[in-house]
Amino acid sequence: MEAAPQDEVQAPEVPFLAARFAVPTDSGEPLGEELAATINYLASHQLQEQAMDTTAKKHETPENCILLKVPTVNYAIWGQMRANIRAQEIKLQRVLKLLVSGITAFGRSVDVGLLTVVQQDALALMCNVHFEINCLRKSAIRPTIN
């Protein structure tokens, strides 16, 4: 079986004379090759739905993280929403479910007393994504309520 082609994203090499005019990229220190290849692959290929569901179910929201949930829309409001907003809501709920499972898995994989600054940053960024997605949901639903 042939390996799938990798979609490597590499910045074009800047010629020496053009270097002073080149716009710097927002790139940090490189990761290990295997980890970088894994991240690049997973970020560019959709996983099978069954694999995602099975993995997500292993990382249910802890009972003491009451805000780390995938909110549902009130039945009365759902009935008033346009079809395109309902479809968007279903997609956002799916994304939130995976994100919540990822945050939970991350939380269970670290020792709170030994969290590094990088791990604290990762947790804060992932939780902020959760917050931002919920804001998007609310702003999409709000016109339906009024």
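This text walks through the structure from its overall plan to single residues.

The model is predicted, so local features need pLDDT of at least 70 and side-chain atom pairs count only at pLDDT 80 or more, while totals for chains, interfaces and linings use all residues. Residues are numbered from 1 along each chain as its sequence is written, and side-chain values use heavy atoms, with hydrogens and water left out.

Start with the overall plan. The protein has 5 helices and 0 strands. From the N terminus on, its elements run α-α-α-α-α. Helices here are DSSP runs of H or I with at least four residues, strands are runs of E with at least two, and both are numbered from the N terminus.

Next comes the surface. The protein exposes about 12,000 Å², and carbon and sulfur atoms supply 60% of that area. Accessible areas come from the Shrake-Rupley method with a 1.4 Å probe; for residues, only the protein chains shown count as cover. Of the 146 residues, 17% count as buried. Buried means under 20% relative accessible area, exposed means over 50%, and partly exposed lies in between (1.4 Å probe, protein chains only).

Now look at contacts, meaning heavy atoms within 4.5 Å. Take the contacts with a separation of 6 or more. Residues 24 or more positions apart account for 73% of them.

Helix H4 covers residues 83-109. H4 has 27 residues and reaches 39 Å from its first C-alpha to its last, close to the 39 Å expected at 1.5 Å a residue. Helix H5 covers residues 117-145 and has 29 residues. H5 reaches 41 Å, close to the 42 Å expected. The expected span is 1.5 Å times one less than the number of residues.

Which elements cover these helices? The cover over the buried residues of H4 includes helix H2 (49-57), H3 and H5. For H5, the cover includes helix H3 (75-80) and H4. The buried residues of H4 include Glu89, Leu92 and Leu96. Those of H5 include Asn134, Arg137 and Ile141.

Glu89 sits in helix H4. Is Glu89 buried or exposed? Glu89 counts as buried because its relative accessible area is 2%. Set aside residues up to four places away in sequence. Glu89 then touches Pro71, Val73, Trp78, Met81, Arg137 and Ile141.

Arg137 lies in helix H5. Arg137 is at 5% relative accessibility, so this residue counts as buried too. Leaving aside neighbours within four places in sequence, Arg137 is in contact with Pro71, Thr72, Val73, Glu89, Leu92, Gln93 and Leu96. The side chain of Arg137 also makes a polar contact with the side chain of Asn134, at 3.1 Å. A polar contact is a pair of N or O atoms within 3.5 Å; within protein, one must be able to donate a hydrogen and the other to accept it, and residues adjacent in sequence count only if both atoms are side-chain atoms.

Finally, turn to helix H1, residues 33-44, where Leu35 lies. Leu35 is partly exposed because its relative accessible area is 47%. Leu31, Leu35 and Ile39 form a nonpolar patch on the surface, with about 270 Å² of accessible area together. Patches are made of residues with over 30% relative accessible area and no salt bridge: like charges are joined within 9 Å, and nonpolar side chains (Val, Leu, Ile, Met, Phe, Trp, Tyr) within 5 Å. A salt bridge is a side-chain nitrogen of Lys or Arg within 4 Å of a carboxyl oxygen of Asp or Glu. Thr38 also lies in H1. The side chain of Thr38 reaches the backbone oxygen of Glu34 at 2.9 Å.
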